[in-house]
Amino acid sequence: MLKRKMEDKLVNWLNSKRKTAFILKGIRQSGKSYLIDNVLDARDCLKVKIDLLDNPLVANAITNAVNSEYIEALIETFIPENPTNKEIIIFIDEAQKAQEIFTFIKYLVDRNKYRYILSGSLLGISLSKVLSIPLGYAELETMYPLDFQEFLLANNISNETIKQLQTYYDNQSEVPEYLHLKMLNLFSIYTAIGGLPRVVEEYLIYKDYNKTNEILSYINGLFVYDISQYADNNSDKLAIMDIYDLIPGELNQENKRFMLKSVKQRKRFEQLQNNFGWLMNAGVSISAYICEEPIYPLKRTIARNLFKLYLADTGLLVYRFSKTLSREILLQNENINYGSVYENIIAQELNCKGYEMYYYNNKKNGEVDFIIEQNSEVIPIEVKSGKSYHIHRALNNLLNQYNIKKGVVFSHGNISKKENIIYLPIYMVMFF
């Protein structure tokens, strides 16, 4: 079993005895059900699992339920007639099939008869449609693909080595060359295959990129299926599918901004806004909005109709660019432009750390890849895939014009600092 950070959060919730439900959302194949099953199976409890995808009649009954007593009675039909004295954990999987369960969760938790865990691949969509989730009765967590630190653990890099890397990061001191090169090599593999658990496990066993591409093709098909099944109407389905198809190509453009005119179905942003929102709520895409001025708080100067879209998993992006690109990345082919792929990885890592992402683009000053807020300060971030990573005119302009305390550049280079710019190896985004 791959070591996931979410395991600690789930175990802490189980041990805390808090009077809440644990709700785990995340994209398909991110490992939600697998993690919950394994944690509960290893625990001294009675697990009662109800998969609503396998039980459509139950999903329909919950959808049409008039009160929580009815839902609880329905759930109790899955509990053995003579249960043990162990704690009973109700695990409702694919909960998006009956989103009304969230309306009643307060009352189910309040009765304190059972503890509830809910998960599903499109819960972000379902939860956006629920009028209210009672505060204090639900702990909402998001499962992402493996981040780079989890990927290192999967590749038998010890916690001690990771802690040592953290020390170099904290002290802003150079990483020993042998370790730096080893991390860059592992980062290349991570770039090529991404962090979806099934893909990572396949790579660890076979080291065969044809096999990992087959799985990525299957998962891509699942995302397409979800759009066809869960989008509200045919018009929305066509628009969402078009946007999803366009993301790799739009990222490969010079400015990487998503161009609304590329969408076939509609032209105006107001007509497409909900379709973009669908992909973001589903967790399939990650957004970075333009900010007109890098001044805290950044939300004050953003334009909602100007943004970049990234995919939730870089391996999926690489696969959709080209079925042979993963091999070229591992061979470190210098003729390939890694800019969009590396940007996607940074977006993926910042997203799973909870950052809201922005970017800056001005005809006079140029473009800065990312801008985030950290401890009430604005931090601009540049991502460089080539050797000339010390050249960053737009970043310099931004720091000087707005008197920003520091900027960060991620690249293949080692740790260094020049004036108010910190240069970090790209793999150290895991500590950022």
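**A walk through a predicted model**

Gln172 has a relative accessibility of 35%, so it counts as partly exposed. By that scale, buried means under 20% relative accessible area, exposed means over 50%, and partly exposed lies in between, for a 1.4 Å probe and protein chains only. The model is predicted: local features need pLDDT of at least 70 and side-chain atom pairs count only at pLDDT 80 or more, while totals for chains, interfaces and linings use all residues. Residues are numbered from 1 along each chain as its sequence is written, and side-chain values use heavy atoms, with hydrogens and water left out.

Gln172 sits in the loop between helix H8 (159-171) and helix H9 (177-193). Names of this kind come from DSSP runs numbered from the N terminus: helices (H or I) have at least four residues and strands (E) at least two. Gln172 is not a glycine, yet its phi is positive, at about 50°. Asn375 is not a glycine either, and has a positive phi of about 55°. The loop that holds Asn375 runs between strand E9 (366-374) and strand E10 (377-383). With 73% relative accessibility, Asn375 counts as exposed. A further backbone detail is found at Pro297: the peptide bond from Tyr296 to Pro297 is cis, with omega near -5°. Pro297 belongs to the loop between E6 and strand E7 (302-311). These details are worth noting because most residues other than glycine have a negative phi, and most peptide bonds are trans.

Next come the helices. Two packed helices are described by the angle between their axes and the distance between the axes. Helix H11 (residues 209-230) packs against helix H14 (residues 314-321) at an angle of about 100°, and their axes are 10 Å apart. H11 is therefore roughly perpendicular to H14. The axes are lines fitted to C-alpha atoms, for helices over the stretch in contact, and the angles run from 0 to 180 degrees between N-to-C directions. Angles under 35 degrees count as roughly parallel, over 145 as roughly antiparallel, 65 to 115 as roughly perpendicular and the rest as oblique. On the H11 side, the residues that meet H14 are Asn213, Leu216, Ser217, Asn220 and Phe223; on the H14 side they are Gly315, Leu316, Tyr319 and Arg320. Contact means heavy atoms within 4.5 Å. The residues of this contact of H11 with H14 divide into 4 nonpolar, 4 polar and 1 charged. Here Ala, Val, Leu, Ile, Met, Phe, Trp, Tyr, Cys and Pro count as nonpolar, Asp, Glu, Lys and Arg as charged, and the others, Gly among them, as polar.

Helix H2 (residues 32-41) has several buried residues: Lys32, Leu35, Ile36, Asp37, Val39 and Leu40. Among the elements that cover them are helix H1 (5-16), E1, strand E2 (45-51), strand E3 (87-93), strand E4 (115-120) and E5. Leu14 lies in H1, and at 0% relative accessibility Leu14 counts as buried. Apart from neighbours within four places in sequence, Leu14 is in contact with Val39, Leu40, Arg43, Ile89 and Arg115.

Ile90 lies in E3. Its relative accessibility is 0%, so Ile90 counts as buried. Not counting residues up to four places away in sequence, Ile90 touches Val48, Ile50, Ile75, Ile79, Tyr114, Arg115, Tyr116 and Ile117. Leu53 is in the loop between E2 and helix H3 (56-63). At 43% relative accessibility, Leu53 counts as partly exposed. Leaving aside neighbours within four places in sequence, Leu53 is in contact with Glu94 and Lys97.

Phe432 comes in the segment after strand E13 (421-425), and at 9% relative accessibility it counts as buried. With neighbours within four places in sequence left aside, the contacts of Phe432 include Tyr169, Leu350, Ile372, Ile381 and Phe410. Phe432 and Ser173 are 259 residues apart along the chain, and their C-alpha atoms are separated by 15 Å.

Which residues lie nearest the centre of the largest pocket? They are Met280, Ser285, Ile286, Ser287 and Asn351, out of a lining of 30 residues. Strand E6 (285-291) and helix H13 (269-281) are among the elements that give two or more residues to this lining. E6 gives the most, with 4 residues. The lining divides into 14 nonpolar, 12 polar and 4 charged residues. A pocket is found on a 1 Å grid over the protein atoms alone, as an open set of points with protein on both sides within 12 Å along at least five of seven lines, whereas a cavity is a set of points where a 1.4 Å probe fits but cannot get out; lining residues have an atom within 4 Å of a point.
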